[in-house]
Amino acid sequence: MVSIDVPAFYREWAARSGGVFDAAAGVGPDTLADIRLAYREFFRDSFPAPDGVSFEAVDADGVAAEWATPAAAVTGRYLVYLHGGAYLVGDPLGYRGLVGTLAQRLRAGVLVPDYRLAPEAVFPAAVEDAVAAYRWLLAHGARPENVVVAGDSAGGAMAISALVAARDQGLPLPAASIAISPWANLEHTGATMRTLDGIDPSVNRAGLSRAADLVLGSTPRHSPLASPVFADTRGLPPVLIQIGGHEVMLSDAIRLATKLAEDAVPVRLDVAPEMGHVWHLLAGHLPAAAKAAADAAAFAEEHLPAA
């Protein structure tokens, strides 16, 4: 296992995120394609895929995706995982470490859509691709009660908004959803966007605001699919929200949990003291990260049929 200096990792991640925003805006020294490739390699080198999980490329009804299968997979059990990256960067290859960890813990096949990214494809292209991949999974025999949808950061928001879109399209909904460090309010009005700005080791309000402008195009920041704190979430399956206590997104995650509760959606909010953005990535290096990944898998298992 690669040894990781956790503070150094977050510093490097923050610097690379700034480079992503610059390249996407066309003001950085590197092309966006080069930045995306370097970002992928940074994640792959930091968090290699665990032994005992196989990966293959699939075409999910026109959406490029990767399929991860652990050696001890339970037949007919599925996870759809929506990666993070502010809708600007990230892909299944860079997420094999975290996806493989969750696949093993849940003993499930995992579908990871390589959804379209901004600014080439502005919002809601990513949500459309997430819904298309979920529809493809159902069309290929997955029963919705055997599926959990999860994601982190931008993908954590989509773990809610894609289900809102799927519901509105008349698709049967999955057994549960898991939103890890969700970027749930692109208006960035939560109190911790100010009080934890500079304490959060990975992102800050100014960078997120730049990203939102690049991602949304003419879409308002309060659009329900972009900011699920404003969505009608009635009828959604049980949701687990996991957020770090040092994240600028903390207040907006709490607001998302409140909105879900007000809409009569069963919701559980876990706040991990002093943790940074998507600390689950560090499951092999940080006890709190291993616990968060285990808790996510346990929540999913609670809402899936017994193996």
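First, the conventions. The model is predicted, so local features need pLDDT of at least 70 and side-chain atom pairs count only at pLDDT 80 or more, while totals for chains, interfaces and linings use all residues. Residues are numbered from 1 along each chain as its sequence is written, and side-chain values use heavy atoms, with hydrogens and water left out.

Let us start with strand β4, residues 109-113. Helices (H or I, at least four residues) and strands (E, at least two) are DSSP runs, numbered from the N terminus. Is β4 enclosed or open? Five of its five residues are buried, so β4 is largely enclosed by the rest of the structure. Buried means under 20% relative accessible area, exposed over 50%, and partly exposed in between, with a 1.4 Å probe and protein chains only. In a regular strand the side chains alternate between the two faces of the sheet. Here, Gly-109, Leu-111 and Pro-113 point one way, and Val-110 and Val-112 the other.

Which strands pair with β4? Strands pair if DSSP finds at least two bridges between them. Strand β2 (residues 63-70) runs antiparallel to β4 and is joined to it by four bridges; Trp-67 has Leu-111 as its bridge partner. Strand β3 (residues 78-82) runs parallel to β4, with three bridges, and Val-80 stands opposite Leu-111.

I turn to the aromatic rings. The whole structure holds 14 aromatic pairs. Rings of Phe, Tyr and Trp (its six-membered ring) pair if their centres lie within 6.5 Å; planes under 30 degrees apart count as stacked, over 60 as edge-to-face and the rest as tilted. Phe-9 and Phe-42 are stacked, because their ring centres are 5.6 Å apart and their planes at 20 degrees. Phe-9 lies in helix α1 (residues 6-25) and Phe-42 in helix α2 (residues 32-46), so the pair ties together parts 33 residues apart in sequence. Both Phe-9 and Phe-42 are buried.

Tyr-81 and Tyr-95 form a tilted pair, with centres 6.2 Å apart and planes at 35 degrees. Tyr-81 is in strand β3, and Tyr-95 in the loop between β3 and α3. Tyr-81 is buried at 0% relative accessible area, and Tyr-95 is buried at 2%. One aromatic cluster includes Phe-9, Phe-42, Tyr-81 and Tyr-95.

Finally, the surface. Val-271 lies in strand β8 (residues 267-272) and is partly exposed, at 39% relative accessibility.
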